[in-house]
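Subject: Handover of a structure and findings

Dear colleague,

Please find below the structure that I am handing over to you. My findings follow it, and I would be grateful if you read them with the structure open.

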Amino acid sequence: MNDQSPHEDLAAASSTPLVALITGASSGIGEATARRLAREPGAQLVLVARREDRLRKLAETLPAQASLIAVDLTAEDAPARVLEHVCSHHGRLTLLVNNAGASWRATFAEGGYANVRRTMEVNFDAAVRLTEVLLPLLRACAPSAIVNVSSTAGRIARPGAGAYSASKFALAGWSDALFAEERPHGVHVGLVLPGFIATEGFPASELTARRATRWMVSTPERAAEAIVDAGLRRKPERHVPRPYALAGMARLLAPGLVRKVLAGRGASVFTTKTGADAADRR
Ligand SMILES: NC(=O)c1ccc[n+]([C@@H]2O[C@H](COP(=O)([O-])OP(=O)(O)OC[C@H]3O[C@@H](n4cnc5c(N)ncnc54)[C@H](OP(=O)(O)O)[C@@H]3O)[C@@H](O)[C@H]2O)c1
């Protein structure tokens, strides 16, 4: 157990305090990450999501200086607006957490390219576009870090979640390359792969409703701690809960068997409805 503030590791090399931007800060893992990072000494936070009222309420309750920008990250001008906001309100950036994301359940035959495209736009393209505009600032403020929030679905794909898995596999692959590319520039790139975490967007109520499967579901606070590990403690990769790493290993070691299991009827236990599905129905 390390009871030293993780930012002190970074602070040893950089005399300036943490300035962290968290996308998807209006709920779930992003909100928990904002609350966790706000406890770092001298932290300044930039909260990003579409729902301004949520961001404002959160900013008011945080024990740290926090600014907010309400923006749809898939919008054409979103990266430029966020960059302008960071420069004018903070002038620096030492941690970027690309966390915003969503999942719409559909088989490929039902959802087609339209579903793949909308999923890629928010889960992959938006993170890449935001990173592109903020990277020069992160380099200038090095030592600094980027944390990309992928998923266990970025290692193993379930029926009905192909579009989501495609976006999260893409994010994981891109993160590996970026890790190596940015290392010489002092920008660490960490990857976080959550399993089932009960949030508004991913309630996992099918699993929490049953005693036999409740243990599979973790909390946004634990995911936030994994983001701290990957960002401030500069770990390359964190699964949360940690045993979910075994799913990816099984996929590599026995792809045929894993495919058969996931195509079978027993795999329906892992099928969960998402907040985005519910929003679509409304
Ligand atoms: N919970 C899980 O089981 C789980 C598992 C694996 C991976 N993940 C990943 O963890 C991340 C956080 O998910 P969560 O579970 O915390 O879900 P959540 O509670 O639904 O949070 C998603 C966040 O993303 C924001 N967002 C969505 N679309 C956006 C857009 N176009 N522009 C700006 N912000 C947008 C939402 O805010 P607004 O609606 O206010 O814009 C919200 O703050 C996602 O990338 C998700 O894929 C979650």
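P143 lies in the loop between helix 5 and strand 5 (144-149). In this predicted model, P143 is joined to A142 by a cis peptide bond, with omega at about 5°. A cis peptide bond also joins V240 and P241, where omega is about -5°. P241 belongs to the loop between strand 7 (237-240) and helix 10 (245-253).

Most peptide bonds are trans, and most residues other than glycine have a negative phi. Two residues are to be noted for the latter angle. A204, which is not a glycine, has a positive phi near 55°. A204 is placed in the loop between strand 6 (187-194) and helix 7 (205-208), and it counts as buried because 21 C-beta neighbours lie inside 10 Å. R234 likewise has a positive phi, near 60°. The loop that holds R234 runs between helix 9 and strand 7. Is R234 buried or partly exposed? With 15 other C-beta atoms within 10 Å, R234 is partly exposed.

I turn next to helix 5 and its partners. Two packed helices are described by the angle between their axes and the distance between the axes. Helix 4 (residues 78-89) packs with helix 5 at an angle of about 30°, the axes being 9 Å apart. The two, helix 4 and helix 5, are therefore roughly parallel to each other, and their crossing is right-handed. On the side of helix 4, the contact is formed by P79, A80, V82, L83 and V86, while helix 5 brings R129, L130, E132, V133, L134 and L137. Sorted by class, the contact of helix 4 with helix 5 has nine nonpolar, no polar and two charged residues.

Helix 5 also packs with helix 6 (residues 162-182): their axes come within 7 Å and cross at roughly 30°. Helix 5 and helix 6 are therefore roughly parallel to each other as well, and the crossing of helix 5 and helix 6 is right-handed. From helix 5, the residues in contact are F108, G111, N115, V116, T119, M120, N123, F124, A127 and V128; from helix 6, they are G162, A163, Y164, A166, S167, K168, A170, L171 and W174. The contact of helix 5 with helix 6 comprises twelve nonpolar, six polar and one charged residues.

A further pair is formed by helix 2 (residues 28-37) and helix 9 (residues 220-231), whose axes come within 8 Å and cross at roughly 60°. That angle makes helix 2 oblique to helix 9. The crossing of helix 2 and helix 9 is right-handed. Here G28, I29, E31, A32, T33 and R36 of helix 2 meet P220, E221, A223, A224, E225, I227 and V228 of helix 9. The residues of this contact of helix 2 with helix 9 divide into seven nonpolar, two polar and four charged.

Why is helix 2 described as largely enclosed by the rest of the structure? Nine of its ten residues are buried, so helix 2 is largely enclosed. The buried residues of helix 2 are G28, I29, G30, E31, A32, T33, A34, R36 and L37.

The nonpolar cores may be of interest to you. The largest nonpolar core has 63 residues, and those with the most contacts inside it are A20, L45, L47, V48 and V192. Helix 5 (residues 108-140) gives the most to this core, with nine residues. Leaving aside residues up to four places away in sequence, L45 touches A20, I22, A34, L37, A38, L62, A64 and A66. Apart from this core lies another, of five residues, among them A153, I156, A161 and A163.

Finally, two arginines deserve a short note. R54 is found in helix 3 (residues 52-61) and counts as partly exposed because 18 C-beta neighbours lie inside 10 Å. Not counting residues up to four places away in sequence, R54 touches S26, S27 and A49. R54 and A70 are 16 residues apart in sequence, and their C-alpha atoms are 9.6 Å apart in space. R39 is in the loop between helix 2 and strand 2 (44-49). With 13 other C-beta atoms within 10 Å, R39 is partly exposed. Along the chain, R39 and A278 are 239 residues apart, and their C-alpha atoms are separated by 34 Å.

Yours sincerely

Conventions. Residues numbered from 1 in each chain as written. Predicted model: local features only at pLDDT ≥ 70, side-chain atom pairs only at ≥ 80, totals over all residues. Axes fitted to C-alpha atoms, helices over the stretch in contact; angles between N-to-C directions. Helix = DSSP H or I, 4+ residues; strand = E, 2+ residues; numbered from the N terminus. Parallel < 35°, antiparallel > 145°, perpendicular 65-115°, else oblique. Left-handed = near helix turned anticlockwise from the far one by under 90°. Contact = placed C-beta atoms within 7 Å. Nonpolar A, V, L, I, M, F, W, Y, C, P; charged D, E, K, R; others polar. Core = buried A, V, L, I, M, F, W, Y, C linked by C-beta atoms within 7 Å. Buried ≥ 20, exposed ≤ 12 C-beta atoms within 10 Å, placed from the backbone.
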